[in-house]
Amino acid sequence: KEVTILGEDILPLRHRSGGLGVYRSQTWVNVLALLIPPLAYGLWFAYIFHRRRLGEDTEYARRYYARSKGEGRLAGMTESQEPVEDIYRALAGYVADKFNVAEAGMTSNDASTLLESKGISAEIRENVVKVLRACERQRYAGVTSNQAELQALKEGALAAMDAIDEAQKKGGGQ
């Protein structure tokens with residue numbers, strides 16, 4: 001049966017439309033749609049837990065920020081009036097923060113005793129003590145250091161920090 005057109009302002013109704021087929025989405029789209037929301041919530045809760053722990057657990061926060069704080073002190077030594085003091089404070093502060101002890105008044109002997117009590121190897125302890133004692137000698141002798149000596153002390157402090165971090169990752173120094 002044909003369509004009768006009665007006027008120019010109204011379009012005719014169609015009796016036949018295109019065929020409707022079955023639509024199947026791709027499997028990976030379904031998998032992503034199911035996995036992304038739980039993963040996002042899990043990551044969000046882990047982030048919230050971490051931020052809350054940093055705010056409430058002082059020991060954890062000191063350990064977490066020890067490296068960045070030490071590196072920040074070492075980076076600031078170039079503009080300082082007493083760069084040897086900054087290197088000493090950076091390494092002694094790092095050791096104190098890493099093991100949650102008071103930084104004030106820490107000497108090279110205190111650092112050595114602390115590292116020994118935490119199970120850090122003798123080689124790492126010696127390196128830390130060498131840097132701290134070199135800084136102590138220069139501080140108390142009143143001698144100004146040249147750039148090469150300062151750079152060597154800075155690199156020694158960074159190497160000591162790396163060594164302590166590696167020792168803790170391997171299970172020592174908890």
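Biologist: Leaving aside its neighbours within four places in sequence, which residues is R67 in contact with?

Modeller: This is a predicted model: local features need pLDDT of at least 70, side-chain atom pairs count only at pLDDT 80 or more, and totals for chains, interfaces and linings use all residues. Numbering starts from 1 along each chain as its sequence is written, and side-chain values use heavy atoms, with hydrogens and water left out. Contact means heavy atoms within 4.5 Å. With neighbours within four places set aside, the contacts of R67 are Y94, L158, M161, D162 and D165.

Biologist: Is R67 buried or exposed?

Modeller: Buried means under 20% relative accessible area, exposed over 50%, and partly exposed in between, with a 1.4 Å probe and protein chains only. The relative accessibility of R67 is 18%, so R67 counts as buried.

Biologist: Which side chain makes a polar contact with the side chain of R67?

Modeller: R67 is found in helix α2, residues 58-75. A polar contact is a pair of N or O atoms within 3.5 Å; within protein, one must be able to donate a hydrogen and the other to accept it, and residues adjacent in sequence count only if both atoms are side-chain atoms. At 2.7 Å, the partner of the R67 side chain is the side chain of E71.

Biologist: How many helices and strands does the protein have?

Modeller: Helices (H or I, at least four residues) and strands (E, at least two) are DSSP runs, numbered from the N terminus. Along the sequence the pattern reads α-α-α-α-α-α. The count is six helices and zero strands.

Biologist: Are α1 and α2 roughly parallel or roughly perpendicular?

Modeller: Helix α1 (residues 27-56) packs with α2 at about 105 degrees, their axes 6 Å apart. Axes are lines fitted to C-alpha atoms, for helices over the stretch in contact, and angles run from 0 to 180 degrees between N-to-C directions. Angles under 35 degrees count as roughly parallel, over 145 as roughly antiparallel, 65 to 115 as roughly perpendicular and the rest as oblique. The two helices, α1 and α2, are therefore roughly perpendicular.

Biologist: Which residues of α2 make the contact with α1?

Modeller: From α1, the contact uses H50, R51, R53, L54 and E56. On the α2 side stand T58, Y60, A61, R63, Y64 and Y65.

Biologist: Where does N100 lie?

Modeller: Phi of N100 is near 55 degrees, a positive value in a residue other than glycine. N100 is partly exposed, with a relative accessible area of 30%. N100 lies in the loop between α3 (83-98) and α4 (108-117).
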